[in-house]
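Take a moment with the structure below. The paragraphs after it lead from one chain to the meeting of two chains, and then into a single chain.

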Amino acid sequence: MLLDADNVYYRELNQQIRELVAKGETEFEIVNVRGQRYIADGLDGDLKFLIHGVPGQDMAAFMRGPTIRVEGNVQDGVANTMDEGLIIINGMAGDVVGYAMRGGKVLIKGDVGYRVGIHMKAYKEKFPVLVIGGKAGDFLGEYMAGGAIILLGMITGKPDAPICGRSMGTGMHGGVIYVRGEIPAEQLGPNLKVEPVDAEDMKLITENLEQFCREFGVDLKAVLTEPFQRVKPFSHRPYGNLYVAC
Amino acid sequence: MAFAPINKNYHDFFVVRDKDACINCQVCVRQCSYGVHFWDEARQCVRHDNTKCIGCHRCEALCPTQALLIQEKPSNFKANALWRPVFIKNIYKQADTGGVLLSGMGSPADIPVYWDNLLLDASQVTNPSIDPLREPMELRTFLGSKPTRLEFEETPEGPRVKTKLKPNIALNFPIMFSAMSFGSINFNLHIAMARAASELGTYYNTGEGGLHQSLYKYGKNTIVQVASGRFGVHRDYLNAGAAIEIKIGQGAKPGIGGHLPGEKINAKVSETRMVPIGSDAISPAPHHDIYSIEDLHQLIYALKEASEYKVPVSVKIAAVHNVAAIASGVVRAGADIVAIDGMRGGTGAAPAMIRDNVGIPIELALASVDQRLRDEGIRNNASIVAAGGTRCSADVVKAIALGADAVYIGTAALLAVGCTLCARCYTGKCPWGIATNDPYLAKRQNPDIAAKKMANLMKAWAHEIEEMLGGMGLNSIESLRGNRDKLRAVGLNQIELDTLGVKAAGR
């Protein structure tokens, strides 16, 4: 189903999508998307979206299942509290990608903004993965409780910037951040351990990078030329001894 | 012994055991989860360790021979108006541990309770009072956005409302159970709240710990909460309730996040929150996707989109200094309900300094928010729910006269099932079986009995509200809403009177 979002208000666009989904439509191609918010929010099941343009804030929030490919950049809040699904962004993403995301996968070809992957969490078979081909802003993976972030720093519009901003992984109490190449120590939050990856880590990294490279036409061999580092918290209970009864 | 803690004997309570009455049955030993009472094998009798007593009174309540009395230990410190014992003891504790002072429940500090300075009106001579036992009395309350004006159209079946109305929730009376998460309190009490709310025709709030699958059937009496940790938040959850509430702040701990300790996260809590067993569940202080009113607007509408505009969205904020301006922004951001939690509100755990010193009382916050929204002409865009230290039905009536559409009760609902405000909710060892997920303790709450008690309390308050309304000559709660003429104040200064919008008694 081809939808033209030119001059369509987000509420009408999303209403139209929901009505079509209710009628059994499963594949959508949306053209001329220019900042319409909340696309695919709360949608459930095996749906496919191909989006041309720049989706607005909070795309795929609370989503469970659908696959979305965006030919272009996206604004803030992609995959907010997402449960399941696959999002492929052939471009850059704004701030707060994958906030509290519980499952599914987000592949971003280029750079991302601030506060990305905050409070990502895993539960049983749910294990969210976020792959970033470019660089990240401050507070990447803050409060992270589960899942994995893979940060490559390769496909970037900011050649002089460090691979991640300040306070990476601060307050992290679960999950893992994999970084290609060296991690600038001064950008790292407290109470984290940085180690070289092991074979099991590499299995997860390679699996996801194969998909990343396939989607964006990147040479996997070139990505794997540099070693990866692993960032993990020292404790699942970072604040266990902070308090005294009064 | 030279390095024993200074405060070893400066505990708060002591146990008085009547040796003649005690039959050494060991009920107290089994009931105390803090290990105060124990069986002394050598002496063949029950003894106790006063230092461990936290003053919950469970043993005293259950002792079959009334042999126990729990008393506050009189301080032996030399009287000092500045250095009250609480400060001295806390310093000793912090010097020993380097820890942040943690407590539970609402603040025990002497924060002014303006309800006590407000008095209600009644009819005499000039208009008749109404007897609710024999005359109709309307307590039904609708929460949600109301239209600015109504348009009608003629149809063959008669006139019809043309204006598209926004979703509202209907309460049989203006009281709801406040947000208390599953995890902070146990499952038996969540069932009890759900059943009580369903029976009464009102609502309970899930709190930020998600909603267990088995409680989805109570959805039409449930408000589902979305907090910064987003625990157990997913599309089914958002569509399970009758309303969605975004928790920005809590009166007991404005500006800080939540922190459910790993000790309280068992299999069922883990399943509901969708976090691993035993790992801390940390709610960040802010929602990191909300750094402005515009961002709040964004989350409100993301939730409305995900729930297809079928349910109202509430935003809960703590009562802080600029609460009126903040509430105005919240309403303009699209909230259908704004819940304001005053600084006397309860909590499962909060740093004591925050709880006792941050925020403002609900009465002042409520009055200023109601006035501000009226002044700006947007009062109809959202309902106001007041929370934080509502102790009785008269407090409810006064809150409504100050401008609330409804109130949330939390602490009162827990008191209804036996809580004694010992304020150790965060330990997970609640001897009353409330703030604990230990099955041995949690089974002390039977969900049927707890539901009955909660429902009884609400029904009793509803009757009292009807009596008070009738006395004022009003037959509908609508007529009281924001009707500050029905309030008079005693013992307040002019600034307080102005803020509350209430005249002094006698005027």
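Which domains does the domain assignment of chain A give? The assignment, automatic or from a database, gives domain 1 (1-67) and domain 2 (91-242). The C-alpha centres of these two domains of chain A lie 27 Å apart.

A word on the ground rules. This is a predicted model, in which local features need pLDDT of at least 70 and side-chain atom pairs count only at pLDDT 80 or more, while totals for chains, interfaces and linings use all residues. Residues are numbered from 1 along each chain as its sequence is written, and chains are lettered from A and ligands numbered from 1 in the order in which they are written.

Now look at where the chains meet. In chain B, 33 residues are in contact with 36 residues of chain A; contact means that C-beta atoms, placed from the backbone, lie within 7 Å. Helix H3 (85-97), strand E5 (100-103), helix H5 (235-238) and helix H7 (293-306) of chain B each give two or more residues to this side. Helices here are DSSP runs (H or I) of at least four residues and strands (E) of at least two, numbered from the N terminus. H7(B) supplies the largest share, 5 residues. By class, the side of chain B that touches chain A has 13 nonpolar, 12 polar and 8 charged residues. The nonpolar class is Ala, Val, Leu, Ile, Met, Phe, Trp, Tyr, Cys and Pro, the charged class is Asp, Glu, Lys and Arg, and the others, Gly among them, are polar.

Strands also link the chains. E5(B) pairs with strand E12 (residues 243-245) of chain A in the parallel sense, over 3 bridges; pairing requires at least two DSSP bridges. A:Ala245 stands opposite B:Leu102.

Next, go inside chain B. Helix H4 (residues 187-200) and helix H14 (residues 447-471) of chain B pack at about 45°, with axes 8 Å apart. Axes are lines fitted to C-alpha atoms, for helices over the stretch in contact, and angles run from 0 to 180 degrees between N-to-C directions.

Finally, find the open sheet of chain B, with 3 strands in the order E6-E22-E23 and mixed pairing. Strands E6 (118-120) and E23 (503-504) of chain B stand at the edges, each with a single partner strand, so one side of each is left without a neighbour in the sheet.

Methods:
Contact = placed C-beta atoms within 7 Å.
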